[in-house]
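Student: I have a structure open, and I would like to learn how to read it. Can we go feature by feature?

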Amino acid sequence: MSLAGKRVLVAIGGGIAAFKAVELVRELQRRGAKVRVVMTEAATHFVGAVTFAGITGEAAITDLWDPTYAGEVHVELGAWAEAIVVAPATANLLARAAHGLADDAVLATLAASDARVFFAPAMHSKMWRREATQEHTAKLVARGARMLGPTEGPLASGEVGEGRMLEPKELADALERALAPAERPWSGKRVLITAGPTHEAIDPVRYIANRSSGKMGFALAEAARTRGAEVTLVLGPVEAAPPVGVAVERVVSARDMHRAVMARALDSDLVIMAAAVADFRPKAAATEKIKKATGAPTLELEPNPDILADLGKARSGARPALVGFALETSNVLAEAERKRAAKGADMIVANAATALGANASEAWLVTDSGTEHIAAAPKTELAERILDAADRWVRP
């Protein structure tokens, strides 16, 4: 009953993912929350209001102008809610909310409430990537709302891409973390996290890189922030927006990341190297675009700096605590233990190369006290498990 007594309003937008709102309401109730429902008119085309009346015991609000409602229903709902979860949040709903419109039951309730607001975007990936949608999202976040997702996966169109709404359990997990008691165990602690790939220039338009999405680093940054830590994220080139509430320094190359990390690490309590840093770079990048007519170039590579190893040498005693990642195609555990010993890390998070860019992965936490296996789990859950394991160094 982790959400026992919390008053959560589920606001449902008009998208195909509206069917997931039924399970979301159930999941929130299973965790002890008191749940009410408000719907846009468009949402009723996807799922019936009577369904939620049966589940919650109260009528789902769908119409501001229904004469059977006593008083101003949007004001009453807004005052009742401690948290509002908008799921699904369509591109249209995000745009109207960002512009402060209040012409339906959902938008009027949002406008009349001081509750914490969480949006669970759901739409086609092209709609999600549109500049206008990203601007609307940024406006809402700047006003204090949080975006939960979207994630990458099968879309209603039959395509696969970013735009799929998080699953009800993932949304409930995020809400649970956000509504946790005010006492936060890592208050006053400093956590430095790297995320994403690095780009190593071949010429002005080409580079060596990998498929890292930054999702693991984002999940770790948000989890550490939720625990009360002051979080700095050193972020390689990714398209996704980083979590709100953390300091971000964007970098491009491995050498850029090395400089940024070494400048901050020794003032931190915990450093987590979740970035997929390129091991090698072209020895000399061409200053002009290499033309096809000149034939295939021969690339001479040289090693990039090893950030984790340099941190292991530079730190004083056990501070900061160091967590690295080992992404392997074979001999995963043996390579992780070798890396931990060779680089002076306190923990190595080991996983297979299939985890790169995925939303969930299997992992092993390798420390001096043994190995903990984590079955395939969403990266948000994996982040919590990693921080749980690191807690002994952060709060000795």
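Tutor: We will take sheets, a helix, salt bridges and a few loop residues in turn. Keep in mind that this is a predicted model.

Student: Let's start with sheets. What holds one together?

Tutor: Strands of a sheet pair through backbone hydrogen bonds, either parallel or antiparallel. Now the case here. Five strands, written as 5 in the count, form an open sheet in the order β2-β1-β3-β4-β5, and the pairing is parallel.

Student: Which strands stand at the edges of that sheet?

Tutor: β2 and β5 (146–147) do. Each has a single partner strand, so one side of each has no neighbour in the sheet.

Student: How many bridges join β4 and β5?

Tutor: There are 2, in the parallel sense, with β4 covering residues 116–121. Look for F119: it stands opposite M147 in β5.

Student: Where can I see an antiparallel pair?

Tutor: Go to β18 (residues 360–367) and β19 (residues 370–378). They pair in the antiparallel sense over 7 bridges. A hairpin of 2 residues joins β18 to β19.

Student: Now a helix. Which residues of α2 are buried?

Tutor: Buried means under 20% relative accessible area. In α2 (residues 49–56), F52, I55 and T56 are buried. They cover an arc of only 80° around the axis, which puts them on the same side of α2.

Student: What covers those buried residues?

Tutor: The cover includes β1 (7–12), α1 (20–30) and β2 (34–39).

Student: And which exposed residues sit on the face turned away from the buried side?

Tutor: V50 and G54. Then look just past the end of the helix. G57 follows α2, and its phi is positive, near 85°.

Student: Next, salt bridges. How many does the structure hold?

Tutor: It holds 32. Take one at a time. The side chains of E176 and R31 meet in a salt bridge, at 2.7 Å from N to O. E176 lies in helix α8 (residues 168–178), while R31 is in the loop between α1 and β2, so the pair ties together parts that are 145 residues apart in sequence.

Student: Are these two partners buried or exposed?

Tutor: Treat each one separately. E176 is partly exposed, with a relative accessible area of 28%. R31 is buried, with a relative accessible area of 9%.

Student: Which salt bridges have two buried partners?

Tutor: Here are two cases. R96 and D104 meet in a salt bridge at 3.3 Å, N to O, and both are buried. R315 and D346 meet at 2.8 Å, N to O. Both R315 and D346 are buried. This pair links distant parts of the chain, 31 residues apart. R315 is in the loop between α11 (307–314) and β16 (321–328), and D346 is in the loop between α12 (332–343) and β17 (347–352).

Student: Which residues do shared partners join into one network?

Tutor: Salt bridges that share partners join E23, E27, R30, R31, K169, D173 and E176.

Student: Now the loops. Where does A102 lie?

Tutor: In the loop between α4 (91–98) and α5 (105–111). A102 counts as partly exposed, at 40% relative accessibility. Leaving out residues up to four places away in sequence, A102 touches L64, L107, A108 and A111. A102 and H74 are 28 residues apart along the chain, and their C-alpha atoms are separated by 9.8 Å.

Student: Where is A241 found?

Tutor: In the loop between β11 (230–235) and β12 (247–250). A241 counts as exposed, at 55% relative accessibility. From A241 to G188 is 53 residues in sequence and 25 Å in space, C-alpha to C-alpha.

Student: Last one. Which residues form a nonpolar patch on the surface?

Tutor: F280, L299 and L301 form one, with about 270 Å² of accessible area together. L299 is found in the loop between β14 (280–282) and β15 (301–303). At 41% relative accessibility, L299 counts as partly exposed.

Conventions: Residues are numbered from 1 along each chain as its sequence is written. This is a predicted model: local features need pLDDT of at least 70, side-chain atom pairs count only at pLDDT 80 or more; totals for chains, interfaces and linings use all residues. Side-chain values use heavy atoms; hydrogens and water are left out. Buried means under 20% relative accessible area, exposed over 50%, partly exposed in between (1.4 Å probe, protein chains only). Helices (H or I, at least four residues) and strands (E, at least two) are DSSP runs, numbered from the N terminus. The arc is that of the directions from the helix axis to the C-beta atoms. Contact means heavy atoms within 4.5 Å. Patches are made of residues with over 30% relative accessible area and no salt bridge: like charges are joined within 9 Å, nonpolar side chains (Val, Leu, Ile, Met, Phe, Trp, Tyr) within 5 Å. Accessible areas come from the Shrake-Rupley method with a 1.4 Å probe; for residues, only the protein chains shown count as cover. A salt bridge is a side-chain nitrogen of Lys or Arg within 4 Å of a carboxyl oxygen of Asp or Glu. Two strands pair if DSSP finds at least two bridges between them.
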